[in-house]
Amino acid sequence: MAKKPGQRSSKLSVYLYIPNIIGYIRVLLNCFAFSQCLTNKALFAFLYFLSFVCDAVDGWCARKFNQVSTFGAVLDMVTDRISTACLLVVLSQLYQPGLIFLSLLALDIASHWLQMYSTFLTGKASHKDVKDSSNWLFRAYYGNRMFMAYCCVSCEVIYLVLFYLAENQTEKLVDVISNNLKKMSLLSLLIGTSLFGWAVKQIINVIQMKTAADACVLYDIEKKHKN
C-alpha cells in the first residue's frame, strides 16, 4: 500500500532531526579519520575524539529540542560501537598480544547488542533504563551521567593514547603502559587517570551482557508459559 504524503513527510522529519544530522556528521568524521590513521596520527586522534565529543552534543540537542528518537539512539550506538571496534582492530595489529584488543571488541559488541535487544523485548524506552537491576554498580553507571561519561571517555582516551604511542607492529602492551606510567608526561597522566574508568567500563560490559542475557531467557520462559 502506498504511503500517504503526510507519512513520508513525517518520516523525513525524523531523519532530519538535529541530533540525527550530528550523527551523520560523526559517521563522516570517523570515515575520514580512519582513512588518515596510518599517515597522520595527530589528525586521526583529533577527528576521532571530535566525533566522540559530538556524541554528547547530539544527546544534549535531542533533549533540548525534544527530538529524542529510537532511530537516533540506534544510530548513536552503532556509530559508537563501529568506531571503537575499528580502533581496537587497529590496536590489535600494533600490539602484542593482539588478542587482548579483539577480546575487548567482542565483549563491547556482545554486551551492547544484547542490552539493546533485551530493551526492546522488555518494552523499555531506553537501553539505559536499568532502575530495576539488582546490581548497584550497574545502576550507578547508568544513573549518573558524569560517572558514565568519565568511564566512556577513559576508554577512548586510553585507546587513543596507545595508538599514538605505538611505533611499530611488535610493541608489547604491558611494556608500553608500564614504561609510560613511569614518565612524568601528559600521556602518562592521561593513562593513569583513565585506567580506573576503563576498568569499570569493562566490568559494566560484563554485568550488562549477563543482565541482558537473563532478560532474554526470562522472556523465553514467560512466552513458553503463555503458550
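Burial is described here by relative accessible area, a residue being buried under 20%, exposed over 50% and partly exposed in between (1.4 Å probe, protein chains only). The structure is a predicted model, in which local features need pLDDT of at least 70 and side-chain atom pairs count only at pLDDT 80 or more, while totals for chains, interfaces and linings use all residues. Residues are numbered from 1 along each chain as its sequence is written, and side-chain values use heavy atoms, with hydrogens and water left out.

According to the unreviewed UniProt entry, the annotation "transmembrane region" covers residues 12-36, 42-61, 82-107, 147-166 and 186-204; such annotations may be inferred rather than shown by experiment. In the model, residues 42-61 are 100% helix and 0% strand, with the end C-alpha atoms 28 Å apart, and residues 147-166 are 95% helix and 0% strand, with the end C-alpha atoms 29 Å apart. Helices are DSSP runs (H or I, at least four residues) and strands likewise (E, at least two), numbered from the N terminus.

Twelve aromatic pairs are found in the structure. The rings of Phe44 and Tyr48 have centres 5.7 Å apart and planes at 40°, so this pair is tilted; rings of Phe, Tyr and Trp (its six-membered ring) pair if their centres lie within 6.5 Å, and planes under 30 degrees apart count as stacked, over 60 as edge-to-face and the rest as tilted. Both residues, Phe44 and Tyr48, lie in helix α3 (residues 41-64), four residues apart, about one turn of the helix, and both are buried. A stacked pair is formed by Trp113 and Tyr117, with 5.2 Å from centre to centre and 5° between the planes. These two residues, Trp113 and Tyr117, are likewise four residues apart, in helix α5, but Trp113 is exposed at a relative accessible area of 54%, whereas Tyr117, at 42%, counts as partly exposed. Ring pairs also link Phe34, Phe44, Tyr48 and Phe163 into a cluster, and the charged end of Lys41 sits over the ring of Phe163, 5.6 Å from its centre (the criterion being NZ of Lys or CZ of Arg within 6 Å of the ring centre and within 35 degrees of the ring normal).

The lining of the second largest pocket comprises 15 residues, of which Ser118, Lys124, Asp132, Thr211 and Ala215 lie nearest its centre. Helix α9 gives the most to this lining, with five residues.

Note on methods:
1 Å grid on protein atoms, 1.4 Å probe; cavity = no way out; pocket = protein on both sides within 12 Å on 5 of 7 lines; lining within 4 Å.
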